[in-house]
Amino acid sequence: MNNGQGYVSGLEGVVAAQTRLSHVDGAHGELILAGYRVEEIAPVAPFEAMVFLLWHDRLPAAAELAQMRVELAQWRMLPTAACDLLRAAAAAQRPAMDALRMVAGVCDIDLPTDDSNDRRRDIALLARLPAAVAAYWRLSQGKTPIPPDPALGHAANYLYMLTGVAPTPARVRGLETYLNTVIDHGLNASTFAARVIIATQSDMTSAVIGALGALKGPLHGGAPGPALEMVFAIGKAEHAEAYLRARLAAGERLMGFGHRIYKVRDPRAEVLAAAAEALYATDGDRSLFELAKHVEATAVRLLAEYKPGRALQTNVEFYTALLLHGLGLPSALFTPTFALARTAGWIAHAREQLANGRLLRPASEYVGATGRRWQANATPTQLISFPSWQFPS
Ligand code: COA
């Protein structure tokens, strides 16, 4: 049925799904995760409880939470094919998001192809992707990957597999707050991509790989690295105004600001700023946090001046960068870490789409040429020589 709306640039305001998973109210700066306000639940819940909430529409009982932890521990070890691929990706110095996208494709190699055991596939993807990112990072640094510790939870294991050191409770809390905060966010580009793929009745791994590709771009999940670089480049509070004015005068976008939906401050920025403040109070460079706050205030003021009426505010990526940096993560892992959290949301959306949705197939408006005619021999045939190919045994 065509509702007569016609072409909508960027699909802005188009409602393409119904979901019980999250609600983004951009006018009031509210994010609801399965009924809970993000600032209520993200700073206190264990990450596994948030996953359970999205997958089952209720928080787990203690035994269910323990069971989910056991299942994740069972599936955290990587299959050999994934280890080989990560080694090759590290040797080729591919960006971490590319390595993650590649390895996601082999994370289900030891599972049946028919996708009949939904939960096992979902758990395997969620459990193995952090192990893959950590192993990839260590390999790319010339270090040996560290196997997961079955005694540690999901967030703690990620930090442990990266460093080989069991993280402090404060660091685990900081990471869990981050993962919970970004676990889901309405019909963002990567979630939409996952829903489009699964709606064809493809498989969960394909949906997650498509979503990873969408998340990689700087207009979606790729912004926190550049946001932190900007704070470092500014270096001192007194340089912020001149630096930001120069960027805006050159027509550049300030990374970590602006949002398609939020026209007030992104509530996730609030949660992550508080988590970063708590972390930097005991751990890390407090002056960096103060500098970032000054940069944020200056940027918001200048954006109002250079882009009046656009309501450009701080988005989730700005304090993501600061929090993840405080947790000791290199900026190359900021977007992959975002992906590890959002994987739980993608899976929940994909299952919801399969249960309730139809094939997603919008229409396009043709604006191309008409009446062209084929002319024989218009394109000369070239002789091309191909290299010979031998598959290694
Ligand atoms: N810095 C400077 N100007 C910005 C801006 C930013 N961060 N974000 C938007 N704008 C400007 C655009 O240049 C445009 O101005 P113009 O109309 O004068 O050309 C106007 O605001 C609208 O931008 P548009 O790209 O149409 O908005 P959008 O809804 O499509 O974009 C984002 C949303 C997130 C892609 C955009 O705000 C952005 O690029 N932000 C920086 C990247 C970022 O932080 N991404 C993470 C998102 S969570």
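# Exercises on a predicted model

The axes of helix α3 (residues 62–74) and helix α6 approach to within 8 Å and cross at roughly 70°. The structure used in these exercises is a predicted model.

**Exercise 1.** Decide how α3 and α6 are oriented towards each other, and state which residues meet.

*Solution.* Begin with the crossing angle of roughly 70°, and recall that angles from 65 to 115 degrees count as roughly perpendicular. The two helices α3 and α6 are therefore roughly perpendicular to each other. Next, look at the residues themselves: M68, E71 and L72 in α3 meet R119, I123, L126 and A127 in α6. Sorted by kind, the residues of this contact between α3 and α6 comprise five nonpolar, no polar and two charged.

**Exercise 2.** Carry out the analysis for helix α11 (residues 224–234) and helix α14 (residues 286–306).

*Solution.* The axes of α11 and α14 come within 10 Å and cross at roughly 100°, and α11 and α14 are therefore roughly perpendicular to each other. On the side of α11 the contact is made by M230, V231, F232 and I234, and on the side of α14 by L288, L291, A292 and V295. When the residues of the contact of α11 with α14 are sorted, eight are nonpolar, while none is polar and none is charged.

**Exercise 3.** Describe the largest nonpolar core, and then follow V295 to its contacts.

*Solution.* The largest nonpolar core has 116 residues, and those with the most contacts inside it are W55, L175, Y178, V295 and F318. Helix α6 (residues 118–140) supplies the largest share of this core, namely 14 residues. The core also draws at least three residues from each of domain 1 (22–221 + 332–356) and domain 2 (224–326). Turning to V295, and leaving aside its neighbours within four places in sequence, we find V295 in contact with M230, V231, I234, A240, L244 and F318.

**Exercise 4.** Find how far apart the C-alpha centres of domain 1 and domain 2 lie, and how many residues each domain gives to the contact.

*Solution.* The domain assignment of the protein chain gives domain 1 (22–221 + 332–356) and domain 2 (224–326). The C-alpha centres of these domains lie 26 Å apart, and the contact takes 29 residues from domain 1 and 25 residues from domain 2.

**Exercise 5.** Examine the phi angles of L11 and Q93, and state where each residue lies.

*Solution.* Most residues other than glycine have a negative phi. Against this background, L11 has a phi near 55°, a positive value in a residue other than glycine, and Q93, which is not a glycine, has a positive phi of about 55°. L11 is found in the segment before β1 (22–25), and at 44% relative accessibility L11 counts as partly exposed. Q93 lies in the loop between α4 (80–91) and α5 (96–104), and at 71% relative accessibility Q93 counts as exposed.

Methods
Residues numbered from 1 in each chain as written. Predicted model: local features only at pLDDT ≥ 70, side-chain atom pairs only at ≥ 80, totals over all residues. Heavy atoms only, no water. Axes fitted to C-alpha atoms, helices over the stretch in contact; angles between N-to-C directions. Helix = DSSP H or I, 4+ residues; strand = E, 2+ residues; numbered from the N terminus. Parallel < 35°, antiparallel > 145°, perpendicular 65-115°, else oblique. Contact = heavy atoms within 4.5 Å. Nonpolar A, V, L, I, M, F, W, Y, C, P; charged D, E, K, R; others polar. Core = buried A, V, L, I, M, F, W, Y, C linked by side-chain atoms within 4.5 Å. Buried < 20%, exposed > 50% of the residue type's maximum accessible area, 1.4 Å probe, protein only. Domains from an automatic or database assignment.
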